Amino acid sequence: MKRFIARNAPGYIFLLPWFLGFFLLALGPILASLYLSFTRYDMVNAPRWIGLGNYEYMFMRDRRFWKALEVTFHYVVLAVPARLVMALAVAMLLDKGLRSIGLYRAIFYLPSLLGASIAIAILWRQLFDANGVVNQALASLGIQGPEWLTNPDTSLYTLVVLAMWQFGSPMLIFLAGLRGIPRDLYEAAEIDGTPRWRQFTRITLPLLAPVIFFNLVLQTIDAFKTFSSAFIISNGTGAPADSMLFYTVYLFNEAFKFFRMGYASALAWVLLIIIAIFTAAAFLTSKYWVHYENERD
Amino acid sequence: MAGLTLRNVGKSYGALQIMQGLNLDIHDGEFLVLVGPSGCGKSTLLRMIAGLEDITDGTIAIGGKVVNDLPASRRELSMVFQSYALYPHMTVAKNLAFGLQNFRMPRSEVERRVAEAARILQIEPLMDRKPRQLSGGQKQRVAIGRAIVREPKLFLFDEPLSNLDAELRVQMRAELASLYARLGTTMIYVTHDQVEAMTMASRIVVLRAGKIEQVGTPQELYTRPQNLFVAGFIGSPKINMLAAEVRADGERSLARVAGFADFALPGLATRDSRLTLCVRPGALHVGGGEVASEGTIRLVEYLGNETLLHVALASGQVLLASIYGQASYRAGQTVPVGFDLADLHYFDASGQRLEPEMPAPVPAQAVSGSA
């Protein structure tokens, strides 16, 4: 026992900060929120047990919950494929063996570093303002741009464009995946007269499937959790006409604007379950379209 | 089938010239092997023929038609890669058919060719498997099958056996040779393994640093290497090289080799120069020879059908002797060691082969005074 401790103590000491962080800052609040989701709690008075009351209200009577779900689903369906397509396209360009590739990689990754920041959200608001840069550019072409952010029909798309612009992280993963595809497969295809598009669809995409799958899962989770950009651009309200009422914005407002912490906790757990269902669905369908080089049949 | 002609072919990457002025005629239906040490440019040359690398100078013609500007797919050739380059997500059948589908070939024709290749290579039971479910030898067969189905004018092989274990390599070597005999198509084969080169080639091209050192049949390369590099590269175990000082003695040329008594080199016009004399391990006699000395056995390597003796001369140079069968020598034993003049290869100071004027060997006359 003494030997075991002597041998493993340094490891556990190094793990300690993570353990403390996990139990105190993550696991504790997670369990607390599960409990709170069955209570009415305004952060002033003690939580009052109401059983499934919050969930019943959410599914049966809360129209804004359904609106928030709709907006978020709409966003996920648009933003995730858009970002992945953008990331793959840029990764394929960078995979061509350009000079100064490190510099380009850094430049393309930059928006992802800045993307979640408040400053970029504010910048985005100004870009898509009625008199913003986008409309000025359109005006120079003689096109009258819409009021992107105040029009419920267009506001969500400004966030989809922002998501596309933040393609850095999946791009880097795609780039690593592309580098992992042996060059001689393409050379063999070249000698066989395989057109570029067929090389892409029949070689690149199937061999990149594990990476596409990985990126799809991560980006879907990320998209469901989109908060700061939506919060800033919609001034924290989800306006106009709740067109940017993202699930997390609604949850935040319920928790910290209206102090319905019990209800917000229930919302958080429902989001977790939705994300889990999507992830599970991705994993379950993956066997039909994801090929792993080393798997055994 | 088609022959291939290279004229003044050169390749450079920026200012770095890795190949220049390469001339080579590959005959229709020939099995030509490109051999050389790592980095000699053999794979690059093959890739230039395939169209996977551009050439920077000269012309490449296949079947009399210059193909410099033709993409790989229109050169009517197939290539087998060292790594097999099988599509890992496709079954064997799909791997074989993939290339044919690019040419909008009728399905019945694709199926006929795939079935024919599978039959020739005996991979019919593997058609529904994926590459990861195949052994190295099976993968190699599929890779060759993929080349066969195209029915190309020219086959290119880039070190196709180097990923296989020794036993399988011997087996695949024989299979490739019989495939060549069956198809009769021009084949260009890159390897660094001289045994593969010697056993399979109609002719061998020995390359070094982007230049052709010698082109010839395996027998020509072994019996008449044109320079020291080829002499050293072709033949296993490696040829023995002895530095010799040659001086005129009347009408004769006398050679002085460290560890041996001076001896006459009949028919050699070269005088007062430094030569390298080479003798194959199989021609080095333990127990005598026209020119003989004594040496100490350092190492005995028993290989079954032959025994290799590492014999150190008094000068410190170690010579290699190959003796048929099992020899009863042991390390530390002192033995006479020598060679016959007829078995010597002569190379001048620049490493080029010299031919004695009188090919018939004259018994050596040892002269007094040892080196």
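Predicted model: local features only at pLDDT ≥ 70, side-chain atom pairs only at ≥ 80, totals over all residues.
**View 1. The largest cavity is lined by residues of chain A and chain B.** A search of the whole structure finds 1 cavity of 30 Å³ or more. From chain A, the lining takes A:Ala188, A:Ile191 and A:Asp192, while chain B supplies B:Ser78, B:Met79, B:Phe81, B:Arg146, B:Ala147 and B:Arg150. The elements that each give two or more residues to this lining are α9 of chain A together with β6 (77-80) and α4 (136-149) of chain B. Sorted by class, the cavity lining comprises 5 nonpolar, 1 polar and 3 charged residues.

**View 2. The largest pocket has a volume of about 550 Å³.** Of the 14 residues that line this pocket, those closest to its centre are A:Lys96, A:Arg183, A:Tyr186, A:Arg196 and A:Gln199. Two helices of chain A, α9 (183-191) and α10 (196-224), are the elements that give two or more residues to the pocket lining. The lining as a whole divides into 5 nonpolar, 3 polar and 6 charged residues.

**View 3. Helix α2 (residues 53-60) of chain A crosses helix α13 (residues 261-289) of chain A at roughly 70 degrees.** Their axes come within 9 Å, and the crossing angle lies in the range of 65 to 115 degrees, so α2(A) is roughly perpendicular to α13(A). The crossing of these two helices is right-handed. On the α2(A) side the contact is made by A:Asn54, A:Tyr55, A:Tyr57, A:Met58 and A:Phe59, and on the α13(A) side by A:Gly262, A:Tyr263, A:Ala266, A:Leu267, A:Trp269 and A:Val270. By class, the residues of this contact are 9 nonpolar and 2 polar, with no charged residue.

**View 4. Helices α10(A) and α13(A) cross at roughly 165 degrees.** The two axes come within 10 Å, and because the angle is over 145 degrees, α10(A) counts as roughly antiparallel to α13(A). Here, too, the crossing is right-handed. Helix α10(A) contributes A:Ala209, A:Ile212, A:Phe213, A:Leu216, A:Val217, A:Thr220, A:Ile221 and A:Phe224 to the contact, and α13(A) contributes A:Leu271, A:Ile274, A:Ile275, A:Phe278, A:Thr279, A:Ala282, A:Phe283, A:Ser286 and A:Trp289. This contact has 14 nonpolar and 3 polar residues and no charged residues.

**View 5. A cis peptide bond joins B:Ser236 and B:Pro237.** The omega angle of this bond is about 0 degrees, and B:Pro237 is found in the loop between α8 (228-233) and β11 (240-249) of chain B. As background for this view and the next, most peptide bonds are trans, and most residues other than glycine have a negative phi.

**View 6. A:Phe259 has a positive phi although it is not a glycine.** Its phi is about 55 degrees, and A:Phe259 is found in the loop between α12 (247-257) and α13 of chain A.

How values were computed. Residues numbered from 1 in each chain as written. Chains lettered and ligands numbered in written order. Heavy atoms only, no water. 1 Å grid on protein atoms, 1.4 Å probe; cavity = no way out; pocket = protein on both sides within 12 Å on 5 of 7 lines; lining within 4 Å. Points joined across faces, edges and corners; volume = space filled by probe spheres on them. Helix = DSSP H or I, 4+ residues; strand = E, 2+ residues; numbered from the N terminus. Nonpolar A, V, L, I, M, F, W, Y, C, P; charged D, E, K, R; others polar. Axes fitted to C-alpha atoms, helices over the stretch in contact; angles between N-to-C directions. Parallel < 35°, antiparallel > 145°, perpendicular 65-115°, else oblique. Left-handed = near helix turned anticlockwise from the far one by under 90°. Contact = heavy atoms within 4.5 Å.
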